[in-house]
Amino acid sequence: MASAPDLSQLNWVTTRVDAALGWARKFSIFQYPFVTACCGMEYMATATSHYDMDRFGAGFPRFSPRQADVLFVVGTISQKMAPVLRRVYDQMAEPKWVVAFGVCTCTGGFYDDYTTVLGIDTIMPVDVYIPGCPPRPENVLDGLMKLQDKIAQGAGTTLAAGLSVRPPELQVPHRPDAHL
Ligand code: SF4
């Protein structure tokens, strides 16, 4: 009688395939820039040859959410704009990731009123927070490398049904979150 095949090697093969996919994905980021306000200046500065986002495989923006896998939300988001942003997010295929660029998108920034979304993690999962008003290109590249680490590990809050964890320094407990 033939002996049962040794399946213990199969896990090793699966793991190596996942690692190869993660490595490939982290250097082929197709970003969708959703730019609304002054942070856009630093976003554009980061894309210049001086900072060279291309070396991270992230220099090629797509202007259709269906062709993008990373949503860069850049600038203040008003309550009126929130459903549009959410629709853009919903139109992106999995796997997908979200970057909050600038303190307005992270927490609402200095806005403390009923017209502004007080952090986009109230309307969608966020994978990487890049605070600053605006963040310098070096901060943006740091955030991009953190995102690459998550992608390489196959991790993503967007895959885990909305488990954004806002860093402690970005907690604003005195403000009520916006609810749509
Ligand atoms: S974080 Fe500052 S620079 Fe960025 S959109 Fe808000 S106010 Fe403008």
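Biologist: Let's start with helix H2, residues 39-46. Which of its residues are buried?

Modeller: Keep in mind that this is a predicted model. In H2 the buried ones are Cys39, Glu42, Tyr43 and Thr46.

Biologist: Why do the buried residues of H2 line one face of the helix?

Modeller: Look down the axis of H2: its buried residues fall within an arc of 105°, so they line one face. An α-helix has 3.6 residues a turn, so residues three or four places apart point the same way.

Biologist: Let me zoom out. How many helices and strands does the protein chain have?

Modeller: Five helices and four strands. Starting at the N terminus, the order is α-β-α-β-α-β-α-β-α.

Biologist: What share of the residues is buried?

Modeller: Out of 180 residues in the protein chain, 35% are buried.

Biologist: Okay, the core. How many residues are in the largest nonpolar core?

Modeller: The largest nonpolar core has 38 residues. Those with the most contacts inside it are Leu71, Phe72, Val73, Val99, Ala100 and Phe101. The elements giving two or more residues to this core are S1, H2, S2, H3 (82-91), S3, H4, S4 (128-130) and H5. As a general point, nonpolar side chains in soluble globular proteins tend to be buried together.

Biologist: Leu71, Phe72 and Val73 are on that list. Which way do the residues of S2 point?

Modeller: Val70, Phe72 and Val74 point one way from S2, while Leu71 and Val73 point the other way. Every one of those is buried. With five of its five residues buried, S2 is largely enclosed by the rest of the structure, so that's why both sides are covered.

Biologist: What does Phe72 touch?

Modeller: Leaving out residues up to four places away in sequence, Phe72 touches Gln31, Tyr32, Pro33, Phe34, Val99 and Phe101.

Biologist: How do S1 and S2 pair, and over how many bridges?

Modeller: They pair in the parallel sense, over five bridges. Tyr32 has Leu71 as its bridge partner in S2, and Phe34 stands opposite Val73. S1 is largely enclosed by the rest of the structure too, because four of its five residues are buried.

Biologist: New topic: the ligand. Which residues surround it?

Modeller: The ligand is surrounded by Ala37, Cys38, Cys39, Gly75, Thr76, Gly102, Val103, Cys104, Gly109, Cys133 and Pro134.

Biologist: How does that shell divide into nonpolar, polar and charged?

Modeller: Seven nonpolar, four polar and no charged. Two names from the shell, Cys133 and Pro134, are also joined by a cis peptide bond, with omega about -10°. Pro134 is in the loop between S4 and H5.

Biologist: Where is Pro95, and what kind of peptide bond joins it to Glu94?

Modeller: Pro95 is in the loop between H3 and S3. A cis peptide bond joins Glu94 and Pro95, with omega about -5°.

Biologist: What about the loop between H2 and S2? What's the phi of Asp52?

Modeller: Asp52, which is in that loop, has a positive phi of about 55° although it is not a glycine. Asp52 is partly exposed, with 13 other C-beta atoms within 10 Å. Phe56 is found in that loop as well and is partly exposed, with 16 other C-beta atoms within 10 Å.

Biologist: And what does Phe56 touch?

Modeller: Leu144 and Gln148, not counting residues up to four places away in sequence. The C-alpha atoms of Phe56 and Ser28 are separated by 8.0 Å, and those two residues are 28 apart along the chain.

Note on methods: Residues are numbered from 1 along each chain as its sequence is written. This is a predicted model: local features need pLDDT of at least 70, side-chain atom pairs count only at pLDDT 80 or more; totals for chains, interfaces and linings use all residues. A residue is buried if 20 or more other C-beta atoms lie within 10 Å of its own, exposed if 12 or fewer, and partly exposed in between; C-beta atoms are placed from the backbone. The arc is that of the directions from the helix axis to the C-beta atoms. A nonpolar core is a set of buried Ala, Val, Leu, Ile, Met, Phe, Trp, Tyr and Cys residues joined through C-beta atoms within 7 Å. Two residues are in contact if their C-beta atoms, placed from the backbone, lie within 7 Å. A residue is near a molecule or strand if its C-beta atom, placed from the backbone, lies within 6 Å of it. Ala, Val, Leu, Ile, Met, Phe, Trp, Tyr, Cys and Pro count as nonpolar, Asp, Glu, Lys and Arg as charged, and the others, Gly among them, as polar. Two strands pair if DSSP finds at least two bridges between them.
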